[in-house]
Amino acid sequence: MSDHNTLGEILRERGVSRRGFLKFCTATASMMALPPTMTMAVAEALEKAPRPSVIWLSFQECTGCTESLTRSHAPTIESLIFDHVSLDYHHTLQAASGDAAEAAREEAMHAHHGKYLLVVDGSIPLGDPGFSTIAGISNLDMLKETAEGAAAIIAVGTCAAFGGLPHAAPNPTGAVSVSDIIKDKPIVNVSGCPPIPSVITGVLAHFLTFGGLPELDQYGRPMVFFGQSIHDRCYRRPFYDKGLFAETFDDEGARKGWCLYRLGCKGPMTYNACATMKWNQGTSWPIESGHGCLGCSEPDFWDAGGFYKALSIPTSDLAGAIGTGLGVGAAVGIAAGAMAHKKKTDAEHEREPLTVEQLEGES
Ligand code: SF4
Ligand code: SF4
């Protein structure tokens with residue numbers, strides 16, 4: 001198979017029928033949250049899409065992001081996406097090691113200069129270049145060198161997107177995110193600890209289809225997957241609105257599926273697609289399994305004030321709402337909703353979402 005084949009040619013070589021290709025396009029459009037009417041546009045774009053080279057670098061990380069991705073292979077869409085990108089370098093998945101591995105990275109950088117996609121998981125230590133090295137090259141130098149010829153960068157996981165666990169106080173290695181270092185390339189942050197596999201592949205599919213990155217939110221995350229809070233889409237929301245909260249993980253409320261707000265759920269402040277895309281091939285997600293959201297897709301979530309501590313709602317907001325005759329649950333709901341909205345609105349004033357055209361203009 002040549003790297004110059006288009007995706008359409010590769011699928012035909014593999015015996016995928018036109019009907020199978022259109023099914024693939026429908027699934028791809030749905031994964032990118034596009035309406036069904038976009039299927040033919042996706043088909044046309046994918047038919048001509050070249051097979052992109054992908055270089056994947058892992059820095060200060062736990063390999064959870066790669067594990068998340070590789071354990072989610074049941075949907076064929078994901079294996080198809082990965083069969084049809086040229087994954088030229090990945091520390092964990094590649095067969096080569098030592099000099100041969102580094103030669104593969106240099107060859108891909110040279111052969112596809114300006115066109116390859118760089119995926120990064122893990123944070124970068126600035127405290128001392130020797131804290132984390134690969135083949136004797138510091139993470140900082142490897143990132144700068146590899147980013148130079150990249151068309152775009154996907155920062156996978158909260159460590160690459162925001163610094164994550166290594167960045168948590170007291171941050172002994174001086175860990176920072178990819179966007180703290182690289183300023184002259186389009187970067188999309190697919191945060192989460194780990195990120196949802198279908199969101200990673202959705203962003204890859206978008207790049208493959210349209211040759212650019214999707215619209216991003218104020219934290220550089222794709223709006224289609226991070227545009228709504230966990231709380232907005234949580235199936236326990238009716239209990240929250242009625243003021244029905246579990247007080248312990250094994251009380252009657254917990255058994256009845258009541259809201260986990262008082263057990264520390266950070267869903268009202270967390271933007272991610274868990275409630276809709278779920279995990280393990282759509283089987284379940286943390287709140288459905290009885291545990292509150294930890295806020296893992298948000299910046300500084302490790303330092304945010306306790307996984308099992310309830311979010312604090314200003315008493316003035318509660319009193320105002322209760323004074324109008326609303327119940328405590330509804331009042332808490334309004335206050336938390338207002339806080340989440342305020343956070344979003346403030347951030348939007350700082351940075352409007354970028355369009356693909358703007359991102360391409362920046363590169
Ligand atoms: S607080 Fe958590 S459990 Fe309760 S409705 Fe919101 S997201 Fe769901
Ligand atoms: S429910 Fe919250 S903590 Fe759990 S994976 Fe989703 S965003 Fe992360």
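Select threonine 270: leaving aside residues up to four places away in sequence, its contacts are Gln228, Ser229, Ile230, Cys293, Gly295, Ser297 and Glu298. The model on screen is predicted. Threonine 270 sits in the loop between helix H15 (252–255) and H16. Is threonine 270 buried or exposed? With a relative accessible area of 2%, threonine 270 is buried.

**Ligand 2**

The residues around ligand 2 are Thr270, Asn272, Cys274, Pro286, Cys293, Leu294, Gly295 and Cys296. Colour this shell by residue class: five of its residues are nonpolar, three are polar and none is charged.

**The whole chain**

The chain has 363 residues, and 49% of them count as buried. Taking contacts between residues at least 6 apart in sequence, 75% join residues at least 24 apart.

**The five-stranded sheet**

Next, show the strands E1, E2, E3, E7 and E9. They form an open sheet in the order E2-E1-E3-E7-E9, and the pairing is parallel. Which strands stand at the edges? Strand E2 (86–90) and strand E9 (187–190) do; each has a single partner strand, so one side of each has no neighbour in the sheet. On average, neighbouring strands of this sheet are turned by 20 degrees against each other, direction ignored.

Strand E1 (residues 53–58) and strand E3 (residues 116–121) run parallel and are joined by five bridges. Two residue pairs to pick here are isoleucine 55 with its bridge partner leucine 118 in E3, and valine 54 with leucine 117, also in E3. Towards E2, four bridges join E1 to that strand, again in parallel. On this side, serine 53 stands opposite serine 86 in E2.

Display the side chains of E1. In a regular strand, side chains alternate between the two faces of the sheet. On one side of E1 are Ser53, Ile55 and Leu57, on the other Val54, Trp56 and Ser58, and all are buried. That makes six buried residues out of six in E1.

Bring back helix H7 (residues 139–147). Helix H7 packs on the sheet and touches E1, E2, E3 and strand E7 (150–156). The direction of H7 makes about 160 degrees with that of E3.

**Arginine 105**

Go to helix H6 (residues 98–111) and select arginine 105 within it. Its relative accessibility is 0%, so arginine 105 counts as buried. What does arginine 105 touch, not counting residues up to four places away in sequence? The contacts are Ile55, Leu57, Tyr89, Ile137, Met142, Glu145 and Thr146. Which side chain makes a polar contact with the side chain of arginine 105? That of threonine 146 does, at 2.9 Å. For a distance check, pick histidine 90: it is 15 residues from arginine 105 in sequence, and the two C-alpha atoms are 8.9 Å apart.

**Backbone stops**

Move to the loop between helix H9 (164–167) and strand E8 (175–176), where proline 170 lies. The peptide bond leading from alanine 169 into proline 170 is cis, and its omega is near 10 degrees. Asparagine 171 lies in the loop between H9 and E8 as well. Though not a glycine, asparagine 171 has a positive phi of about 45 degrees. Asparagine 171 counts as buried because its relative accessibility is 18%, and the cut-off is under 20%.

A further cis peptide bond runs from cysteine 193 to proline 194, with omega near 5 degrees. Proline 194 is placed in the loop between E9 and H11.

End at aspartate 300, in the loop between helix H16 (274–277) and helix H17 (315–323). Aspartate 300 is not a glycine, yet its phi is positive at about 60 degrees. Is aspartate 300 buried or partly exposed? At 42% relative accessibility, aspartate 300 counts as partly exposed.

Technical notes. Residues are numbered from 1 along each chain as its sequence is written. Chains are lettered from A and ligands numbered from 1 in the order in which they are written. This is a predicted model: local features need pLDDT of at least 70, side-chain atom pairs count only at pLDDT 80 or more; totals for chains, interfaces and linings use all residues. Side-chain values use heavy atoms; hydrogens and water are left out. A residue is near a molecule or strand if one of its heavy atoms lies within 4 Å of it. Ala, Val, Leu, Ile, Met, Phe, Trp, Tyr, Cys and Pro count as nonpolar, Asp, Glu, Lys and Arg as charged, and the others, Gly among them, as polar. Two strands pair if DSSP finds at least two bridges between them. Axes are lines fitted to C-alpha atoms, for helices over the stretch in contact, and angles run from 0 to 180 degrees between N-to-C directions. Contact means heavy atoms within 4.5 Å. Buried means under 20% relative accessible area, exposed over 50%, partly exposed in between (1.4 Å probe, protein chains only). A polar contact is a pair of N or O atoms within 3.5 Å; within protein, one must be able to donate a hydrogen and the other to accept it, and residues adjacent in sequence count only if both atoms are side-chain atoms.
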